[in-house]
Amino acid sequence: MIAYIEPYFLDNESDAASVLNVTGKSSDGVSESLNIQGEILCGGAAADIAGKDFGGMNCVKPLAVVRPVGSEDIAGAVRAALSSDKLTVAARGNGHSINGQSMAEGGLVVDMRSTAENHFEVGHYGGTAFVDVSGGALWENVLKRCVSEYGLAPRSWTDYLGLTVGGTLSNAGVSGQAFRYGPQTSNVTELDVVTGNGDVVTCSEMENSELFFSVLGGLGQFGIITRARVLLQPAPDMVRWIRIVYAEFDEFTRDAEWLVSQKDESSFDYVEGFVFVNGDDPVNGWPTVPLHPDQDFDPTRLPQSSGSVLYCLELALHYRDSDSNSSVDKRMERLLGRLRFDEGLRFEVDLPYVDFLLRVKRSEEIAKVNGTWETPHPWLNLFVSKRDIGDFEQKVFKELVKNGVGGPMLVYPLLRSRWDDRTSVVLPEGEIFYIVALLRFVPPGAKASSVDKLVAQNQEIVQWCVKNGIDFKLYLPHYKSREEWIRHFGNRWSRFVDRKAMFDPMAILSPGQKVFNRAL
């Protein structure tokens, strides 16, 4: 049975010591009370590490942060929580959650970064290459090492790669390759998991399969991923990166859906899209589209019928150093020739494959310089059905956020058939659905009231979707009530509850998601 109680928290480091029986770390860094080899940090040190996240809108005080050496340390932390009355455990990767999902108020936060180097081994099975990596490894490091040492790379990515393997697999992991290969959860074949029962379990489609599919997209509710076996393919050398502009949403969606529905050799290797403001705003408008400083956006090329917002398809074509320029050009022109973008508003650049995948890293560096990396990020991510994306566009893009959000407004189609229904992820109905991401960056010095307004606008969008029967699901979901979670999972809710009872019956894990509360 899963009970619902108020979260438990302690006020100071001495309280932490009394609960954990921590009287200070021994000379070898081992806490006998938890029987682990790694570090335990309490008080202000714990709050500094795990008291807030990238979203910057929540601030809570964990009891302690555990920096494990390996799976047994993580299992030890879970067992310690199980032996207590009220402790919970949250796995934290790079702290990139938006609404406190990786936090544990008054609980134990497991800093997975300390395990980042525990696993890295490339192998082959049945002619398919794979790499075993730690759940705490950053995807950007997996990329660099796989490409530089083996000429191989994972098939599916996220746009930003400063995220941990376990973190993205606990959600889905989506980017412009997902239309072809599915999300990252569709490209992993084996996991090592620490369950909410304190067990260390290896699982796959054939072995402990219920746990395997529960954990994938499971929001951290069923287990902590400590190792993942990720599928690899030969890495290309270069990428031709292209952006093309549309004035009409119908033409944008028609072309995007056509591209993602083609066979592998008949489409680009990457397909994304975004909305931008029809104006010269340097953050939200025309200047955000060109790919190189030498390129300019010429608004005189827009049709007179253009509205307040415009649309951009972002595409990429992989190739080898040995491919001739003419062959790459020919393939690109053949694909672009089928599309109905606005002539004269096409931008392209060639760059190494790794540089392309790390393109958001440059945006991160700029954001850290101008201060927006440390400000709140009231992001909103949704999946919206093809049936309803037109109505959504009219209400949200053309009305509620027509002046931009201070950051990217992504929208592009995905294919349901590339996702495995056995995982814990829930999707809208239909073969084609869209991901929508409003990635707000708040200017430094903004008042708390302005952030509250952005959060309220996100809630307005969600409530409008509910009220108008829009077929949608939150991606990286955040709800505050059981009723909202039941609506989110729909007919998958009972399965989710059953899996929780099986793998984390005391509701120890991932309390920041606010799906379940700690059981007595």
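Predicted model: local features only at pLDDT ≥ 70, side-chain atom pairs only at ≥ 80, totals over all residues.
Close-up 1. R227 forms a salt bridge with E190, and the closest N and O atoms of the two side chains are 2.6 Å apart.

**Close-up 2. The network of salt bridges around E190 and R227.** The residues E190 and R227 also take part in a network of salt bridges, in which they are linked with D132, D192 and R229. Across the structure as a whole, the number of salt bridges is 32.

**Close-up 3. The salt bridge between E205 and R422.** The side chains of E205 and R422 meet in a salt bridge with an N to O distance of 3.1 Å. E205 is placed in the loop between strand 9 (200–204) and helix 7 (209–215), whereas R422 is placed in the loop between strand 16 (409–415) and strand 17 (432–438), so the pair ties together parts of the chain that are 217 residues apart in sequence. Both side chains belong to residues of intermediate accessibility: E205 counts as partly exposed at 43% relative accessibility, and R422 counts as partly exposed at 36%.

**Close-up 4. The salt bridge between R346 and E348.** R346 forms a salt bridge with E348, for which the closest N and O atoms are 3.1 Å apart. R346 is partly exposed, with a relative accessible area of 28%, and E348 is partly exposed as well, with a relative accessible area of 26%.

Close-up 5. A search of the whole structure finds zero disulfides. For C59, the closest cysteine sulfur is that of C42, and because the two sulfur atoms are 17 Å apart, they are too far from each other for a bond, the cut-off for a disulfide being 2.5 Å. C59 counts as exposed, with a relative accessibility of 72%, whereas C465 is buried, with a relative accessible area of 0%.

Key: Residues numbered from 1 in each chain as written. Heavy atoms only, no water. Buried < 20%, exposed > 50% of the residue type's maximum accessible area, 1.4 Å probe, protein only. Salt bridge = Lys/Arg side-chain N within 4 Å of Asp/Glu carboxyl O. Helix = DSSP H or I, 4+ residues; strand = E, 2+ residues; numbered from the N terminus.
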